[in-house]
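Please look over the sequence and the model shown here before reading on.

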Amino acid sequence: ERAEERLRRRKEKEVNRKTAVRKLRLAQAMSPEDREIRAEHDRVALELAASLAANYAEQAQYEERHQKWAAAAVSWQKVVDGRPNEASCHWRCAKALLESSGDTKQAVRLAQRAVDLEPNNVFAIRTLGRAFMAAGMTLNAKRELERAVALDPRDEATKALLKELRG
């Protein structure tokens, strides 16, 4: 019973946040110069995104398992919006974009943010290398892939990418 009550309260808060975001967006349109309204909108929108992030992460993982990469990229982007300081959602979003032949510039930005957050995360570094490859930035790709191999010399996937890059 307590779990059901907590779930009901959480859904109620979510609905209230959605309503608040809509109303603040309207207020912003009516008073675009009002910084307080903008700040409140941004705060509530971030709260809403954070509250929805777990659901979107679950959805994104499902889409990954079924190789629905474009849908996974959209879901992971929503997770990124709610968890801007979590590296894993950034590199997973970048990976999904790359797998779906999506926006390579966005994939580079996301993977770079993941590496900034976790500089020794081999998955993030490999994804950044792949994003650089897709964007045609071969020197940057080589640098990142070599760094990933230095961190994990047994990582065959990164070695294969490096070999592919070298031709």
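**Helix 6 and its surroundings**

The model is a predicted one. Within it, helix 6 spans residues 122–134 and has 13 residues. The distance from its first C-alpha to its last is 18 Å, close to the 18 Å expected at 1.5 Å a residue.

Helix 6 is mostly covered, since ten of its 13 residues are buried. The buried residues are Val122, Ala124, Ile125, Arg126, Thr127, Leu128, Gly129, Ala131, Phe132 and Met133. Their cover includes helix 4 (87–99) and helix 5 (104–117), together with helix 7 (138–151) and helix 8 (156–166).

At its start, a side-chain oxygen of Asn121 comes to within 2.9 Å of the backbone nitrogen of Phe123. After helix 6 comes Gly136, which has a positive phi, near 80°.

**The aromatic pair**

The model has one aromatic pair. The ring centres of Trp91 and Phe123 are 5.4 Å apart and the ring planes stand at 15°; planes under 30 degrees apart count as stacked, so this pair is stacked. Because Trp91 lies in helix 4 and Phe123 in helix 6, the pair ties together parts that are 32 residues apart in sequence.

The two partners can also be described by their accessibility. Trp91 has 14% relative accessibility and therefore counts as buried, the limit for buried being under 20%. Phe123, with a relative accessible area of 46%, is partly exposed.

**Two loop residues with positive phi**

Gln67 has a positive phi although it is not a glycine, and Ser101 likewise has a positive value in a residue other than glycine. Gln67 lies in the loop between helix 2 (35–65) and helix 3 (69–82). Ser101 is placed in the loop between helix 4 and helix 5. Exposed means over 50% relative accessible area; Gln67 counts as exposed, and Ser101 is exposed as well. Their values are set out below.

| Residue | Phi | Relative accessible area |
|---|---|---|
| Gln67 | about 55° | 60% |
| Ser101 | near 55° | 67% |

Note on methods
Residues numbered from 1 in each chain as written. Predicted model: local features only at pLDDT ≥ 70, side-chain atom pairs only at ≥ 80, totals over all residues. Heavy atoms only, no water. Helix = DSSP H or I, 4+ residues; strand = E, 2+ residues; numbered from the N terminus. Expected span 1.5 Å × (residues − 1). Buried < 20%, exposed > 50% of the residue type's maximum accessible area, 1.4 Å probe, protein only. Contact = heavy atoms within 4.5 Å. Polar contact = N/O pair within 3.5 Å; in protein donor to acceptor, adjacent residues only side chain to side chain. Phe/Tyr/Trp six-rings, centres within 6.5 Å; stacked < 30°, edge-to-face > 60°.
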